[in-house]
Amino acid sequence: MSRFATLLLGSLVLFICVSRVGAEEKPEGLAGKWVSQNQEKHPLVFEANGTFKYGYEMKNGEWVLVTGKYTIDAKGKITGEIHHKGVIFRPWYLLKDGVLQGPRGPNPRVVWRKEVAK
């Protein structure tokens, strides 16, 4: 193989590898609204396009949702990134056995269940 062909093939392989970075698979069933199973009923919304909505604060009895992005690493850890009022917040979750689990405030393990469409 000529040196040019070797470089061309190497470049193609590199391009394919780089184009897959960040193209992680979304777990089946992640997209939708999730609600914590504690008294707060804290909402999370995951969209298939990588958008994430997080119940940031309660106002007048309703959750104010702020929008960010989420990624999923090779081990399945879901990490959100929200920029709101000068704060960068990165909550994380694990989807296991049909429930989301992660820390919330002082509680190291809160469970969220997917809200079923009515």
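Is Asp97 buried or exposed? Asp97 is exposed, with a relative accessible area of 73%; here buried means under 20% relative accessible area, exposed over 50%, and partly exposed in between, with a 1.4 Å probe and protein chains only. The model is predicted, so local features need pLDDT of at least 70 and side-chain atom pairs count only at pLDDT 80 or more, while totals for chains, interfaces and linings use all residues. Residues are numbered from 1 along each chain as its sequence is written, and side-chain values use heavy atoms, with hydrogens and water left out.

The protein chain contains one helix and nine strands, in the order α-β-β-β-β-β-β-β-β-β from the N terminus. These elements are DSSP runs numbered from the N terminus: helices are H or I of at least four residues, and strands are E of at least two. Of the 118 residues in the protein chain, 26% are buried.

Strand S1 (residues 32-36) runs antiparallel to strand S2 (residues 43-46), to which four bridges join it; two strands pair if DSSP finds at least two bridges between them. S1 is also joined by three bridges to strand S9 (residues 107-114), again in an antiparallel arrangement. Trp34 illustrates both pairings: its bridge partner in S2 is Leu44, and in S9 it stands opposite Lys114.

The largest nonpolar core has 15 residues, and Leu30, Leu44, Phe46, Phe52, Ile78, Tyr93 and Leu100 have the most contacts inside it. Strands S2, S3 (51-59), S4 (62-72), S5 and S9 each give two or more residues to this core, and S4 gives the most, with three. Such a core is a set of buried Ala, Val, Leu, Ile, Met, Phe, Trp, Tyr and Cys residues joined through side-chain atoms within 4.5 Å. In soluble globular proteins, nonpolar side chains tend to be buried together. Leaving aside residues up to four places away in sequence, Leu30 touches Phe46, Tyr70, Ile72, Ile78, Leu95, Leu100 and Lys114, where contact means heavy atoms within 4.5 Å.

Most residues other than glycine have a negative phi. Asp97, in the loop between strand S7 (92-96) and strand S8 (99-104), has a positive phi of about 55 degrees. Lys85 lies in the loop between strand S5 (77-84) and strand S6 (87-89); its phi is near 50 degrees, and at 62% relative accessibility it counts as exposed. In the hairpin of S1 and S2, with six residues between the strands, Lys41 takes a positive phi near 55 degrees.
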